[in-house]
Amino acid sequence: MSTPIYAVGDIHGQLDDLHRVLELIETDGGKDAEIVFLGDYVDRGPDSKGVVDLLMTGINAGRNWTAIRGNHDRYFTRFLDDKTVFAPATRADLFWMNPRLGGDKTLLSYGVVGEDYAPVDPIHKAALEAVPQSHRDFLDNLPNIHTTDHLIFAHAGLRYGVPIEDQIEDDLIWIRGDWLTEHHDFGRPVVHGHTAVDYPEHHGYRINLDAGAGYFKPLQAAVFEGSDVHVISEKGRARLRPGT
């Protein structure tokens, strides 16, 4: 049996729920449990700043944590870098600060009021003054993928037919399409988030842990041991089988 590894779905600024899930993991696997966070730490929820700070502080303190990049984390850094307020994968008229995307909540957690379609320059200037450089450095240096001998972790998924080492960021943080509907064999299951579902799903080739925390549903985490997958909760472990 392989060493247990835990994964946490999209967090979206839900700091209180993140604390709850971390307590569940510590109860199940101890303080030194290995955890992979699947991205989307910011947007929509009330405390993106607190989530980034918690993850950054834990990793810098030597916790056995790996945080990979999500598309919403990239939204945030692109805005800070060059005032970009939309991404090619979304509607060109849907600004990052629109409540549907939730960038307004991220900025507010740093004390900046950023409204949809408001003039960008003053908001950008205020954000550069408010967001600590340490947070920018942390988000800028997130990996897009994490692999182990038995699992692949990516925020959105992988492009089939492309070697793992050649996968590009836009696919790893944005992909949907046939990734979600057709079986793809990468030699190991892929653990991902990005596409919200009602409860974690196991499709054999992929396990989706985004259960809608970005829409104020409970944050979910799972533990992987060999081929076994269990969702963890206050009730303990619940087996997640292929086809569920």
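Which residue in strand 10 is the bridge partner of Ala222? A few notes on that and on some other spots follow.

1. First, the ground rules. This is a predicted model, so to speak: local features need pLDDT of at least 70, side-chain atom pairs count only at pLDDT 80 or more, and totals for chains, interfaces and linings use all residues. Residues are numbered from 1 along each chain as its sequence is written, and side-chain values use heavy atoms, with hydrogens and water left out.

2. The partner of Ala222 in strand 10 is Val231. Strand 9 (residues 221-225) and strand 10 (residues 228-233) run antiparallel, with four bridges joining them. Pairing here takes at least two DSSP bridges between the strands; strands are DSSP runs of E with at least two residues, helices are runs of H or I with at least four, and both are numbered from the N terminus. The two strands make a hairpin with two residues between them, and Gly226 in the turn has a positive phi of about 60°.

3. Val231 turns up again on the other side: it stands opposite Ala238 in strand 11. Strand 10 and strand 11 (residues 236-239) are antiparallel too, over four bridges, and they form a hairpin with two residues between them.

4. Now helix 1 (residues 15-29). Its end C-alpha atoms are 21 Å apart, which agrees with the 21 Å that 15 residues should span at 1.5 Å a residue (expected span: 1.5 Å times one less than the number of residues). Gly30 follows the helix and has a positive phi, near 90°.

5. Leu15, Asp17, Leu18, Val21, Leu22, Leu24 and Ile25 of helix 1 are buried (under 20% relative accessible area with a 1.4 Å probe, protein chains only; exposed is over 50%, partly exposed in between). These buried residues pack against several elements, including strand 1 (5-8), helix 2 (48-60), strand 9 and strand 10, with contact meaning heavy atoms within 4.5 Å.

6. On to the aromatics. Rings of Phe, Tyr and Trp (its six-membered ring) pair if their centres lie within 6.5 Å; planes under 30 degrees apart are stacked, over 60 edge-to-face, the rest tilted. The count comes to nine aromatic pairs. Tyr75 and Trp174 have ring centres 5.7 Å apart and planes at 80°, so they are edge-to-face. Tyr75 is in helix 3 (residues 71-82) and Trp174 in helix 7 (residues 169-174), 99 residues apart. Both are buried.

7. Phe76 and Trp96 have centres 5.7 Å apart and planes at 20°, so this pair is stacked. Both Phe76 and Trp96 are buried. Ring pairs also link Phe76, Phe79, Trp96 and Tyr110 into a cluster.
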